[in-house]
Amino acid sequence: MSGVWKVAAVRDAEAALMARLPEGTLMARAAGALAARIGRLLGDTGGVYGSHVTLLVGAGDNGGDALYAGAVLAERGARVTAIEIFAGRHHVAAGEAFVAAGGRFAGRLPEHTDLVVDGIFGIGGRPGLPPAAVDLLARLAGVTTVAVDVPSGVEVDTGAVSAPAVKADVTVTFGCRKPATSVGAGAVHSGLVEFVDIGLGPYLPEPHAIIPTIEDIRRWWPRPSPYDDKYTRGVLGVCAGSYRYPGAGELAVAGALAGPAGYIRYAGTAARHVRYRFPEVVTKDRVADAGRVQAWTVGPGMGTDSVAASQLSSALDEGVPMCLDADGLTLLAAEPYLLTGRGAATVLTPHDREYARLAGRCTGDDRIGDARELAERFDCIVLLKGYRTVIVDPRGLTYLNPTGDPALATAGSGDVLAGLLGALLAGGLRADRAAIAAAFVHGLAGREAARTGPVTAWRIATTLPLVLGEMIGV
């Protein structure tokens, strides 16, 4: 796992570390790592020597990092030009080192640029960019861009992009990860994020959010023992699909079958379709007749009429963990008291429009804050879908899924996720870990499917076993 920290925590950690180090040590560490990453990028397109690098330099330490890195590149034979965004204002010592190494300040862009370095704002920067920077970036469109620590113009503590901001190909972030590179539109603007350890770790408090790794998912994933049978591995009930939307039932069951549960029971009006597609699944028309389960997935494509409401009520009455998705969320929004006093874990999986129904307002700039508010209101785990899906428990413990892919934004994709998540709940995994593990593997499946053609929900579902076998090892 790795953490994500807000600006105040980073500032405090930097101050504590700098008090123990010679002046300039942290900037030297950051600049050296930045120059090395830029060197590798330039090496892919012909090498550092003779390349043309343009630095967009702000007035603070972020601009200083860029200038010191520019000095290293100039010493290696690159032609490095620095453009001041705020005329006459830059980090003085870094500027002197830059010029001494052969770099030059200029009032306009050079005729050719191989790579641009965004050193405009750091973590103390405000959202948005000065007009001069917007103009320069427009003229540099299409040039490989490396952001220093965070993309300038992104709101650092939330990842919101509410005004013009740098869109980087690579962001080299120092000391720890920040929300600006990890969640919301900021994650999109950050491109590939490369973390550089400069020694802040011992001075950082508990993180604002956690980013799991594939090693975490492998460790959490339930595996059968030699003494298990189909029942002890977990029995999942799936109430999804309907006469009108039978495919939702099939997709949810497909996602569930990829998970660790040993037995899937289906209940709903798409039973005939599910039986035909999956002969291993036991089907009934009603939840009340399904038999005992260890968890339920309820909601995808089931409708919102009185029959669907009765099915949801029956599943809730069983008092087992539940993944509540899609139409189930619409029913909950109409009757929010349904979960009052519920003892078993419940995972809500809204996209933004479903969030608006549940919360009574649209998501805002702070997606972590939005998810936390909903989790507290319903006393549930909330999985707020998006490019960087946010998972929050009622206490505020927050995970950010790093495997999101735009290809997952396709009809039925969420049905597959809900089924997989339910199977993890039935397999005995703690609800917050079940949610992040499902989102993580679902994202990997979306990426893998995208490598070989257009992504559909069915292709995500059929790719899940491959991903689980090759990447997770189950």
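Contact means that heavy atoms lie within 4.5 Å of one another. The views below show a predicted model, in which local features need pLDDT of at least 70 and side-chain atom pairs count only at pLDDT 80 or more, while totals for chains, interfaces and linings use all residues. Residues are numbered from 1 along each chain as its sequence is written, and side-chain values use heavy atoms, with hydrogens and water left out.

Thr283 is found in strand β12, which covers residues 282-284; helices (H or I, at least four residues) and strands (E, at least two) are DSSP runs, numbered from the N terminus. Not counting residues up to four places away in sequence, Thr283 touches Tyr266, Ala271, Val274 and Arg275. The side chains of Thr283 and Arg275 are also joined by a polar contact of 2.9 Å. A polar contact is a pair of N or O atoms within 3.5 Å; within protein, one must be able to donate a hydrogen and the other to accept it, and residues adjacent in sequence count only if both atoms are side-chain atoms. With a relative accessible area of 13%, Thr283 is buried. Buried means under 20% relative accessible area, exposed over 50%, and partly exposed in between (1.4 Å probe, protein chains only).

**View B. Thr158 in a loop.**
Thr158 is placed in the loop between β6 (144-148) and β7 (170-174). Its relative accessible area is 14%, and Thr158 is therefore buried. Leaving aside neighbours within four places in sequence, Thr158 is in contact with Pro179, Val183, Asp365 and Asp366.

Helix α13 (residues 367-378) has 12 residues. From its first C-alpha to its last, α13 reaches 17 Å, close to the 16 Å expected at 1.5 Å a residue; the expected span is 1.5 Å times one less than the number of residues. The buried residues of α13 are Arg367, Ile368, Asp370, Ala371, Leu374, Ala375 and Phe378. Seen down the axis of α13, these buried residues fall within an arc of 160 degrees, so they line one face of the helix. The arc is that of the directions from the helix axis to the C-beta atoms. At the N-terminal end, Asp366 caps α13, with a side-chain oxygen 3.4 Å from the backbone nitrogen of Ile368. Just after α13, Asp379 takes a positive phi of about 55 degrees.

A search of the whole structure finds 0 disulfides, a disulfide being a pair of cysteine sulfur atoms within 2.5 Å. The sulfur of Cys380 is 11 Å from the closest cysteine sulfur, in Cys323, which is too far for a bond. Cys380 is buried, with a relative accessible area of 3%, whereas Cys362 is exposed at 58%.

**View E. Aromatic pairs.**
The structure holds 5 aromatic pairs. Rings of Phe, Tyr and Trp (its six-membered ring) pair if their centres lie within 6.5 Å; planes under 30 degrees apart count as stacked, over 60 as edge-to-face and the rest as tilted. One of these pairs, Phe86 and Phe121, is tilted, at 6.1 Å centre to centre and 35 degrees between the planes. Phe121 is buried, with a relative accessible area of 8%. The rings of Trp220 and Tyr399 have centres 6.1 Å apart and planes at 75 degrees, so this pair is edge-to-face. Trp220 lies in helix α7 (residues 214-220) and Tyr399 in strand β18 (residues 398-400), so the pair ties together parts 179 residues apart in sequence.
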